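Subject: Structure handover

Hello,

Here is the structure we talked about. Please look it over, then read the notes below.

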Amino acid sequence: MASLVGSRVERKEDKKLLTGRGKYTADVTFAHQTYAYFVRSPHARAQIKNVDTSKAEKSSGVVAVLTGKDIANDKIGGLIAGWRIKSEDGSDMKVPAHPPLASESVNYVGDHVAVVIAESLDEARNAADLVKVDYKVLKAVVKTDQAMDSENIYKDIPKNLCFDWLLGDREKVKEAFDKADKIIKIDLINNRLIPNAMEPRAANADYNPSTEEITLYTTSQNPHLARIIISAFNGVAPENKLRVIAPDVGGGFGSKIYPYAEEVVCSWASKKIERPVKWVADRTESFLSDCHGRDHVTHAELAVKNDGTFLGFKNETIANIGAYASVFATVTPTYLFGPCATGVYKMPAAYSNVKAVFTNTAPVDAYRGAGRPEATYTIETLVEKAARELGMDPAEIRMKNFPTEFPFQQTLVHSVDSGDYNAGLKKAMEVGDYKGFEKRKNESASRGKLRGIGFCSYFEACGIAPSAVVMSLGCGIGLWESAEVRFNPTGNVTVFTGSHSHGQGHDTTFAQIAADRLGVPLENIEISHGDTDKGPFGYGTYGSRSLTVGGTAIVKACDKIVAKGKKVAAKMLEVNESEVDFKDGEFIVAKSNKKKTIGEVAFACYLPGTYGEVKSPLPEGEEPGLKETSFFDPGNFSFPAGSHICEVEVDPETGNTEVVKYTAVDDFGTIINPLIVEGQVHGGLAQGIGQALYENCHYDDTGQLVTASYMDYTMPRADNFPEFNLGFTCTPATSNPLGTKGCGEAGAIAAPPAVMNAVMNAVGTEVSMPATAEKVWNACQKMNKSNSKAA
Amino acid sequence: MKKVSLEVNGKKVSKEVPDHTVLSVFLREVLNLTGTHVGCDTSQCGACVVHVDGKSIKSCTALAADIEGSKVTTIEGLVSNGKMHPMQEAFKKQHGLQCGFCTPGMVMSAIDLLNHKKNPSDKEIRDWLEGNICRCTGYQNIVAAVKEAASKM
């Protein structure tokens, strides 16, 4: 049987999605369902003096109007930060209370004040306009770099500082810097982004008064985590009385990892009114209240010798985490950011110091790459600047500092198990025809265009994560993953995974793995995910973890199936277990060539005895049935890496910048389905190039979100990109039996510095993200002036 | 309230709806044709594209009452005799979709492109699809799918 691992198998999930038969949360309708509409704060910061719901309650079709007082009276808990970070001085991080409906103060535009529940959406929306909230408006804290010098938003959080965290050794860094020939310095803003999964968030909660169970349909990357948080922390219902279903989900990119106020409120309200409560965000609500991404202000320095050897690195960053600390808000700018900020290099000394600040803006949490794009942008623009200042080739300076022996103990945390960074960069230069750049540059110049080239070499820590490690660093949960492989009596298979697919193609990739492992045809394998009542607890999908952690759990559960199958087959074939081999779905006795298929063995497991033609007594002590579960906790992170090269063309007359050539060479370890992996790279690149050239979340000085619609926030379109050139190298991961490393975030991590280095190479001066036509035009003007002065 | 009569995916339908019902709501809420998706409030995203009398439109921009008597085709209506449309097949073959949310609008829009132009260039495909936002694919495999469909249609 040919191996399916490594094959470009077309996706099993496509047909339903292509024919309009997908079922997203907004498509779920219950009989007697009601509609929720949230009353949101129009102010960035205000005290709530009074909420008058009397008019709204009398409005047509209204079933209930619920406020922060109601939710507090019912003792529904607040939303949580899932990762405790300690400051450099040993003190715990400081976080404000985050009630699902505010009763005392609102802290960003879009913050939840009340919910109106009505017979129709129109009626709910109309009545929401009648809820009169009396606010005392306060001065908003908006800017990341000014937050610590502004008025305190919360009275017990001085300087609006959540934590002041240090990773690394300041003394050693100082010593390294003292020995340097040159210090390269850089000041960067990692622009704030809005994730914008195409499916807006939604929830439909259905309380069953008979069983006292709530079924919550929701747009989640992580239904099990939603259930435990809504149960254990919000206290809406015990876990065994709360079923969370994330059906087809239209993209997540981090923004749907954690439960939001709306899910808590709909679940609670459904129980209260004993009817289903449905809420679907409109796009502006998504802009206002989905967790945003990035938003760092960074000063970084690199100590180098004249020959380009790196001696030390320091990183001082202010990270804006918004008005409240969301679930992964505190780990994203610390352990996901700091360790990767030294990049893919030997760096004898380093530290990362991060001050996380509260502001009156939407919460900021994980967005595709989460911390690693910010880290990579910092080091890779710094390295490129070092190459410029030292007069070195950007490839040469990188290769000079790549580690060549693995495992490689990276400076700040990670022990990188495998990699070949030279091979990746060399291949990128070959695929991207680096040698031909000068010729292309001249050709662009002949058309009046400035052509620039930019490099980025990156590594990332994925396969999140070894539970013991992350818990020792403050994580409030484990990060293993589960799988259950269930042979049905007739021989087909259902595989349950605790991860969740919302575009990544798990239905196909995971089926390829199980098909190979069990020797069962792909079409006889069903992958089931997204329903807490079906499979075992799991931790969902983010951090390029699903295949590496969840896929391994599937492998292990399959291996257990085969182990039991061997015993049963031996009994059926009347030989010792040691005489039975398993290959391509058959249990074979080598010496006699007698065999049983895995389907026959599965059938026997469900019919453990003798009945007419059926002769399948189980070995003594074996239980009937054929179903195995595995919980896999990885021993280490996985470390995808690669080198990307971008070429841009700038029109100096208009400042318009176009990506004209983009080469990505990545090492994701073993690739199960190249078709899907290439798609993941393309998507990540689009988001990374989007950050570099187009996307920007902008709040004005009063905290109003200016970019709150697709008319204002630039989403990358089809005509913004060239065809990407992809290449792969492969050093298998040693921390999991599949050898996989993860591929979902690479594009979003590597593209911003590759693009920005190309822009800076083209115009000859620094430009900040996003490199809009206006900024690039101004940069060109500045260069023109300084060039004419020099002349 | 207003009575709206249309032919949707070859079937005649007649429903009494509030005057302000837009076509996307009519399809989703009244006819339960939930393959047509709504991804924004400003007619930018294109997830709701359907064909009205053979031409692609964003169904969130048309009042159902305004297209009285028209023939509407949605993503559900492309399958014929259990077989997917060549454009749907091409999206599958080229991995032109990931989460699938923008896909119905993308497919409907791409079919209309090929109705206008038999063998569009990459640039023409990318320009045409400017009104459909996809957050997952980076568009590359969508372009490949449209080219593949063009060779089959």
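Domain bounds here come from an automatic or database domain assignment. By that assignment, chain A has domain 1 (14–138 + 201–280), domain 2 (390–463 + 636–790) and domain 3 (480–632).

Some ground rules. This is a predicted model: local features need pLDDT of at least 70, side-chain atom pairs count only at pLDDT 80 or more, and totals for chains, interfaces and linings use all residues. Residues are numbered from 1 along each chain as its sequence is written, while chains are lettered from A and ligands numbered from 1 in the order in which they are written.

Domains first. The centres of domain 2 and domain 3 of chain A, taken over C-alpha atoms, are 42 Å apart. Their contact (C-beta atoms, placed from the backbone, within 7 Å) takes 17 residues from domain 2 and 15 residues from domain 3.

Next, the chains. In chain A, 43 residues are in contact with 43 residues of chain B. Helix 17 of chain A gives the largest share of chain A's side, seven residues. Helices are DSSP runs (H or I, at least four residues), numbered from the N terminus.

Last, the core. A nonpolar core is a set of buried Ala, Val, Leu, Ile, Met, Phe, Trp, Tyr and Cys residues joined through C-beta atoms within 7 Å. Buried means 20 or more other C-beta atoms within 10 Å of a residue's own. The largest core holds 299 residues, and A:Val755 is among those that touch the most other members. Helix 18 (residues 746–763) of chain A gives the most to this core, 13 residues.

Best wishes

Key:
A residue is buried if 20 or more other C-beta atoms lie within 10 Å of its own, exposed if 12 or fewer, and partly exposed in between; C-beta atoms are placed from the backbone. Helices (H or I, at least four residues) and strands (E, at least two) are DSSP runs, numbered from the N terminus. Two residues are in contact if their C-beta atoms, placed from the backbone, lie within 7 Å.
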